[in-house]
Structure formats: structure tokens, C-alpha cells
Amino acid sequence: MEIIREKTICVSGHRYIGKDLNKERVEGFLVKLIEKGFNTFLIGMALGFDTLCFQILERLREKNDIKIIACVPCPSQPERFNFKQKEEYFRLLSVADEKVVLSPEYTPYCMQKRNEFMVDNSFAVLCYLNRNSGGTFNTVNYAKKKNVFVINVI
């Protein structure tokens, strides 16, 4: 798998989508990024914002030459998802252009390892961040330390 960092965007956001997130606005950001030449999108496969972005990109891929790479922290990621969430997770995995599994099993650091992989291979992070805690907050701080652009959709 070859990832060209200058043409790659990663996605990070909260699992629970609040009323502060406008889905049309998210799609608008993704359309603009594609128009600017970004053609590879790294998705962490979490519930909420990751799933929303994957679904939008899946639609946009029908008319654009873009690649969606599923970045899975560990094979047991969907273990605690409900039936409907698991069904959509595995459907999305099946339509991803590529899949990267960052750890063979769950560890306390596998989510962070996945997030760092995505940031390290991206020009920018498209995020949904509305609080100063959690994985997305840590990912955004990591991106800032690495001088990776951060675009918050809210």
C-alpha cells in the first residue's frame, strides 16, 4: 500500500454525534478537499463521526477517483458494537479500498497507535471535536505537535 501524504486526509471524531454537527457541512468539507486534489482518506472505523465520513465518502467515490482506507486498531474493534453497528462496520470494511490492521490484538494503546498512524500518513486531520478529552482530543494534539493541519467541522 502506498500512501502519498500530500494527498491524504485522515478522519477523527467523537463516537456520539451531537446536535452541533451538521452532516451537510461535513459533506461540504469532504467535497472541497476532493476538489483540492486530496484522493486518499484514512478512516479509523469507530462509531459516530468515522462511520458518517466513510458513508459520505462511499457516495462521493461513485463520481470521484478517491480511495478509502480502513484503519483498524485491532480485529476485536467491533466486539462491543450492537448488531446493527456490527453489520454496518463489516459492510464498510468490505467496500474499503484497502484495510490496515495496526495491532493483532487489543492493547491499551492500539487505538492511539491507529490514530498516530493516520496522522503520520496525512496532510491534514478532518475532525469533529467538541470537548477537551478523549481519543479525538489526543489525536488533534498529536497532529498539532507533528505540524499536521487540523480542520474541525464545527
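Helix packing and local features of the predicted model

In α1, Lys 23, Val 26, Glu 27, Leu 30, Val 31 and Ile 34 meet Phe 49, Leu 52, Cys 53, Ile 56, Leu 57, Arg 59 and Leu 60 of α2. Sorted by class, this contact of α1 with α2 holds 10 nonpolar and 3 charged residues, and no polar ones. The structure is a predicted model. Two packed helices are described by the angle between their axes and the distance between the axes. For helix α1 (residues 23-35) and α2, the angle is about 55 degrees and the axes are 10 Å apart. An angle under 35 degrees would count as roughly parallel and one of 65 to 115 degrees as roughly perpendicular; α1 and α2 are therefore oblique to each other. Their crossing is right-handed.

Helix α2 (residues 49-61) also packs with helix α3 (residues 83-95), at an angle of about 40 degrees and with the axes 11 Å apart. The helices α2 and α3 are therefore likewise oblique to each other, but the crossing of α2 and α3 is left-handed. On the α2 side the contact is made by Thr 51, Phe 54, Gln 55, Glu 58 and Arg 61, and on the α3 side by Glu 88, Arg 91, Leu 92 and Val 95. By class, the contact of α2 with α3 comprises 3 nonpolar, 2 polar and 4 charged residues.

Helix α4 (residues 110-120) has Cys 110, Arg 114, Asn 115, Phe 117, Met 118 and Val 119 as its buried residues. These buried residues of α4 pack against the strands β1, β2 (40-43), β3 (67-72), β4 (98-101) and β5 (124-128), and against helix α5 (135-145).

Aromatic rings form 5 pairs in the model. A pair of aromatic rings is described by the distance of the centres and the angle of the planes. Tyr 89 and Phe 90 form an edge-to-face pair, with 5.1 Å from centre to centre and 90 degrees between the planes. Tyr 89 has a relative accessibility of 5% and so counts as buried, whereas Phe 90, with a relative accessible area of 46%, is partly exposed. Phe 38, Phe 123 and Phe 149 form one aromatic cluster.

Several loop residues were also examined. Arg 15 lies in the loop between β1 (8-13) and α1. With a relative accessibility of 55%, Arg 15 counts as exposed, because the cut-off for that class is over 50%. Apart from its neighbours within four places in sequence, Arg 15 is in contact with Leu 47 and Gly 48. Arg 15 and Glu 105 are 90 residues apart along the chain, and their C-alpha atoms are separated by 21 Å.

Most residues other than glycine have a negative phi. Met 45, a residue other than glycine, has a positive phi near 65 degrees. Met 45 is found in the loop between β2 and α2 and is buried, with a relative accessible area of 3%. A positive phi, near 55 degrees, also occurs at Asn 147. Asn 147 belongs to the loop between α5 and β6 (149-152), and with a relative accessible area of 69% Asn 147 is exposed.

Methods: Residues numbered from 1 in each chain as written. Predicted model: local features only at pLDDT ≥ 70, side-chain atom pairs only at ≥ 80, totals over all residues. Heavy atoms only, no water. Axes fitted to C-alpha atoms, helices over the stretch in contact; angles between N-to-C directions. Helix = DSSP H or I, 4+ residues; strand = E, 2+ residues; numbered from the N terminus. Parallel < 35°, antiparallel > 145°, perpendicular 65-115°, else oblique. Left-handed = near helix turned anticlockwise from the far one by under 90°. Contact = heavy atoms within 4.5 Å. Nonpolar A, V, L, I, M, F, W, Y, C, P; charged D, E, K, R; others polar. Phe/Tyr/Trp six-rings, centres within 6.5 Å; stacked < 30°, edge-to-face > 60°. Buried < 20%, exposed > 50% of the residue type's maximum accessible area, 1.4 Å probe, protein only.
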